[in-house]
Amino acid sequence: MYACVCHAVTDEDVRDHVEAGACSAKEVRAACGMRPGCGSCVNRIRALIEQHAAAEPGEAIATAAA
Ligand code: FES
């Protein structure tokens with residue numbers, strides 16, 4: 001699923017950058033090379049970051065659409 005349609009960034013792309021240490025929507029956007037866009041993905045990115053923070057270490061994060 002696309003987290004950001006404007007820049008074709010997927011949920012998996014976001015998860016990869018969060019796993020690598022990005023801990024805010026701003027950091028994820030920068031890591032993904034996202035330029036300013038419509039901004040409607042910010043809540044989705046924040047939700048993915050929160051899912052990651054809530055997951056137990058080593059626990060897979062659900063890939064189902066929110
Ligand atoms: S959906 Fe991400 S900037 Fe538009």
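Which residues in H1 meet which residues in H3? The close-ups below start from that question, using a predicted model.

**View 1. The whole protein, before zooming in.** Here we have a protein with 3 helices and 2 strands. Read from the N terminus, the elements go β-β-α-α-α. Of the 66 residues in the protein, 30% are buried. Take the contacts between residues at least 6 apart in sequence: 49% of them join residues at least 24 apart.

**View 2. Where H1 meets H3.** On the H1 side (residues 11–19), the residues to look for are Asp11, Val14, Arg15 and Val18. Their partners in H3 are Ile45, Leu48, Ile49 and His52. Sorted by class, this contact of H1 with H3 has 5 nonpolar, 1 polar and 2 charged residues.

**View 3. How H1 and H3 cross.** The two helices pack with their axes 10 Å apart and at an angle of about 50°. That angle makes H1 oblique to H3. As for handedness, the crossing of H1 past H3 is right-handed.

**View 4. The buried residues of H1 and what covers them.** Six names to find in this one: Asp11, Asp13, Val14, Arg15, His17 and Val18 are buried in H1. Their cover includes both strand E1 (2–4) and strand E2 (9–10). Helix H2 (25–31) and H3 are also among the elements covering them. Follow the chain just past the end of H1 and you come to Gly21, which takes a positive phi of about 125°.

**View 5. Glu50 in helix H3.** Glu50 sits in H3, the helix that spans residues 42–54. Is Glu50 buried or exposed? It has 11 other C-beta atoms within 10 Å, and a residue with 12 or fewer counts as exposed, so Glu50 is exposed. Look for Cys23 here too: Glu50 and Cys23 are 27 residues apart in sequence, and their C-alpha atoms are 9.2 Å apart in space.

**View 6. Cys38 in the loop between H2 and H3.** Moving off the helices, this view lands on Cys38, in the loop that links H2 to H3. Cys38 counts as exposed because it has 9 C-beta neighbours inside 10 Å.

Definitions and conventions:
Residues numbered from 1 in each chain as written. Predicted model: local features only at pLDDT ≥ 70, side-chain atom pairs only at ≥ 80, totals over all residues. Helix = DSSP H or I, 4+ residues; strand = E, 2+ residues; numbered from the N terminus. Buried ≥ 20, exposed ≤ 12 C-beta atoms within 10 Å, placed from the backbone. Axes fitted to C-alpha atoms, helices over the stretch in contact; angles between N-to-C directions. Parallel < 35°, antiparallel > 145°, perpendicular 65-115°, else oblique. Left-handed = near helix turned anticlockwise from the far one by under 90°. Contact = placed C-beta atoms within 7 Å. Nonpolar A, V, L, I, M, F, W, Y, C, P; charged D, E, K, R; others polar.
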